[in-house]
Amino acid sequence: MVPYIPHTNKEIEEMLVTIGVKSVDDLFADIKPHLAPKSFNLPSGQSEFEVVEYIKKLGAKNKLLISFVGGGFYDHYIPAAVSALVSRSEFYTAYTPYQPECAQGTLQALYEFQSSICALTEMEVANASLYDGGTALYEAAMMAIRLTKRNKIIMDGGVSPIYRKIVKTYTSNLHFEFGETAVVHGQSDREEIYRLLDKKTAAIILQNPNFFGAIDDHSDIIQKAHELGILVIESVYPISLGLLKTPAEMGADIVTGEGQSLGLPLNFGGPYLGFIATKKQFIRQMPGRMVGETVDKKGRRCFVNTLQAREQHIRREKATSNICTNVSLCAVQALIFMSLLGKEGLKELAQLNLDKAEFARQTLEKIPNVTVKRSSPTFNEFAVCLPVDASLVIEAMTKKGFAAGFPLGRYYPDMKNYMIVAVTEKRTKEEILNYAKALEEVLKS
Amino acid sequence: MKLIFEKSVAGRRGYLNPKADVPVKGEILSQYKRKKDCPWPELSELEVVRHFTALSQKNFSVDGNFYPLGSCTMKYNPKFTENLAGLEGFAHLHPLFPQLPSGEELVQGALQVLYEMEQLLCAMTGMDGFTLQPLAGAHGELTGVMMIAAYHKAKGNKKKYIIVPDSAHGTNPATAAIAGYEIISIPSDTHGVMDLKKLKESITSEVAGLMLTCPDTHGIFNPQVDKIAEMIHSVDGLMYYDGANLNAILGRARPGDIGFDVMHINTHKTFTTPHGGGGPGAGPVGVKKDLIPFLPISRVVKRNNGTFCLNYDYPDSIGYIASLYGNFAILLRAFAYILLLGKEGLKEVSNMAVLNANYIQERLRGRFALAFDRICMHECVFSASKQAQRGVHAIDIAKFLIDKDIHPPTVYFPLTVKESIMIEPTETESKQTIDAFIEAMFEADDLSQKNPQAFADLPQTTPICRPDEVKAARELNVNFFAHP
């Protein structure tokens, strides 16, 4: 018995009679006997209680620690109203708004989400979400290739190494050319980037703050790129934009980002929220769903999926992307978070992250043999240079209950002694001081 | 209803940040600072709650309405899986922990979920290996086709084409094109299945593979599927199983046994993770032995001592297709659902889904033109061609149903059937609900005979009626702040 299947045997009999077959098996006659499963070796069903107990046990095996790990995914506080509202089943048990009359809730929310992303980035248009920050960056690269009809992409070394790998994986069959530049003093290496620019270059991909936590103003790079007809893609961290110069102000053409920090739990990697925003002139090459305002038959304002002629269900192999399902519910969740935070709340939250990170920086600097890089300004994450391999230190810190940071050597082999440390508003002064104390002990031993 | 931005009152707060407990104030040079504050709305918490509550009430949903949206499998989403996804040990687990030195020990529970899920999916589908990383069905398709490309590259095969039947979802041709292939589209024959003669003519040594939804979007299980696989394999092409409709054949056939080499699963269809108004989904991809070396990294491995780790050392892997390990919280829901149903329950899912679809097909066939007159699987496809002669189109019938509190079936897809109405009742709907739907369809047909003009003003019970989509596209407004 499955509690989600309502039919009684009597009803099943009645339905079979109506259909005119003897048994349910007769309905599967097109699956010839020789196509039957060689095995179907699954466990027997269990009660809800049993499954819940089992999964709770698995959950308890994970260890959360006091975390100073960021790397693109941040442990911010999520107000209770966010989960309460997004748990309304009118949102989560609906599907893609194909029938606008009975989906105005989702449609208006997605329009508001697009607008809120535009407000954050100061870009002119945004879509209704993509899978995550990494795949959004890949979609942006493809968009730039289509817009410029060129095939070379320059990626700054400060762009998340995970994201750079994604972009390369997806384009491996498409004969693109890549240039990758290292960072200098934490920031984008202008000289090296300019050296690589040519008539084949479609786009430069930058990130702010970058993977090392450094803040930059890319206006000069963007201006130079535009002189050569090259587009610039910026990957951004939403919370930092409460304070930082917006990508639009710098002149960026396409902006993407990971929206997890906007009210989504870390969830061991997903679901997250990719977003993409651009200039109005590029909108027809922007992938994914988009919601637009219009009026109904009686002139009432309403919202519909729009510019669908770009999408796979209409254009098939000529579509701008193969994306169908996006992450609507995560977009609604982020919208609720953004609406609760509001204009002042965002500014304050960004300042709070900055303050806490600065305090952690100053505290860690006092530990003998620990150097905190100060060649470039940072937001809530910064690189720390240790006297020994950072991996050893992080491992020892784990035993003391701290996730101390992310070892840069994992993706940058010449930076083995470095770790990046993230400090969100959730880390208290006491935790930061205890962390510093533990680190000092570890380094002594 | 007003936009949330139109309700904003300067100075109002909906949430207070923690107090700054550190004795320093961070400074940023003005050249790095934004000039204008971000104009997010300013409301109290209650105002935000009212806004989103009111918005939610404008939606039809599975919890509120029968939702027989063909091809989308809108079945009931069990509540306990929502609770499990919120467990602290999972919800607050940082995804980079396993990438810390010895960090895998911090995430053993999460890795065990992923590992056991892969095992369950292999047993269910007859595949030899799975990746859970793809973030949606179409993302799974792209991962799968990239593995097909990697397979041919490794063998030195010169391949150019992917074959796709005309009844396929748009994602199939779009995916193959994005992966660098050209598309050969094969028409359906009069019985609704791929035209085998046309297929035979298209097969050359340059064919990389064929993508097949099975049962297809006509709701038909192609009885010749093994012959098709033979034809494709004869030129060293690979068979891709689009798992959009896997929910129809659980325990009845396994893609891995009937000739498929690669497949994806839409967890939000077969394993009823919530559709979320259009995602997030998850699109695990399974492969046969020969393709295992090409699976994306990382992969979850069980060590000899029974613990779990992530392995990145696969030189032939296609690489990184997602930032992390997949939509974990979605996979966890699907995992819980599979454990609860078990072997017998999963078979029941397909049995009852197919029973319900055939029951609807049989009862509606007198009134509506059946696209293909044969036993169907989990969905049935009609054409509103008879009603269209009276001036009432598939979209009009859809709007009529909205007034009956029923979410309309899929209309105008599949593209192969004119005026198509594609109905997928799923296994979780009762006979009473299904009968009420059938009655509503009869009423729609009655009205099309008596007063076809009446449809133009439907629906009448919803906040809006027939939005102007042309205006939306022409006078594009996708951002409030650009059109205040």
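Predicted model: local features only at pLDDT ≥ 70, side-chain atom pairs only at ≥ 80, totals over all residues.
**Contacts in chain A.** I began with how far apart in sequence the contacting residues of chain A sit. Counting contacts between residues at least 6 apart, I get 73% joining residues at least 24 apart.

**Overall make-up of chain A.** Next I looked up burial, and 61% of the 445 residues of chain A count as buried. For secondary structure I find 14 helices and 17 strands in chain A. I also checked the extent: along the principal axes, the C-alpha atoms of chain A fill a box of roughly 85 × 55 × 50 Å.

**Domains of chain A.** How is chain A divided? I have domain 1 at 9–52, domain 2 at 66–75 + 345–444, and domain 3 at 80–337. I took the centres of domain 1 and domain 3 of chain A over C-alpha atoms and got a separation of 44 Å.

**Domains of chain B.** Chain B has domain 1 at 4–56, domain 2 at 84–340 and domain 3 at 349–470. Here the centres of domain 1 and domain 3 of chain B, again over C-alpha atoms, are 46 Å apart.

**A helix pair in chain A.** I then turned to α6(A), residues 133–148, and α7(A), residues 161–170. At what angle do the axes of these helices cross? I read roughly 50°, with the axes coming within 9 Å. Perpendicular would need 65 to 115 degrees and parallel under 35, so I file α6(A) as oblique to α7(A). The crossing of α6(A) and α7(A) is right-handed.

Which residues meet there? From α6(A) I list A:Gly133, A:Gly134, A:Thr135, A:Leu137, A:Tyr138 and A:Ala141. Facing them in α7(A) are A:Ile162, A:Tyr163, A:Ile166, A:Val167 and A:Tyr170. Sorted by class, the residues of this contact are eight nonpolar, three polar and no charged.

**Where the chains touch.** Last entry: the interface. I count 173 residues of chain A in contact with 174 residues of chain B. Which element gives the largest share of the chain A side? That is helix α12 of chain A, residues 328–365, with 26 residues. By class, the side of chain A that touches chain B comes out at 85 nonpolar, 49 polar and 39 charged residues.

Notes:
Residues numbered from 1 in each chain as written. Chains lettered and ligands numbered in written order. Domains from an automatic or database assignment. Axes fitted to C-alpha atoms, helices over the stretch in contact; angles between N-to-C directions. Helix = DSSP H or I, 4+ residues; strand = E, 2+ residues; numbered from the N terminus. Parallel < 35°, antiparallel > 145°, perpendicular 65-115°, else oblique. Left-handed = near helix turned anticlockwise from the far one by under 90°. Contact = placed C-beta atoms within 7 Å. Nonpolar A, V, L, I, M, F, W, Y, C, P; charged D, E, K, R; others polar. Buried ≥ 20, exposed ≤ 12 C-beta atoms within 10 Å, placed from the backbone.
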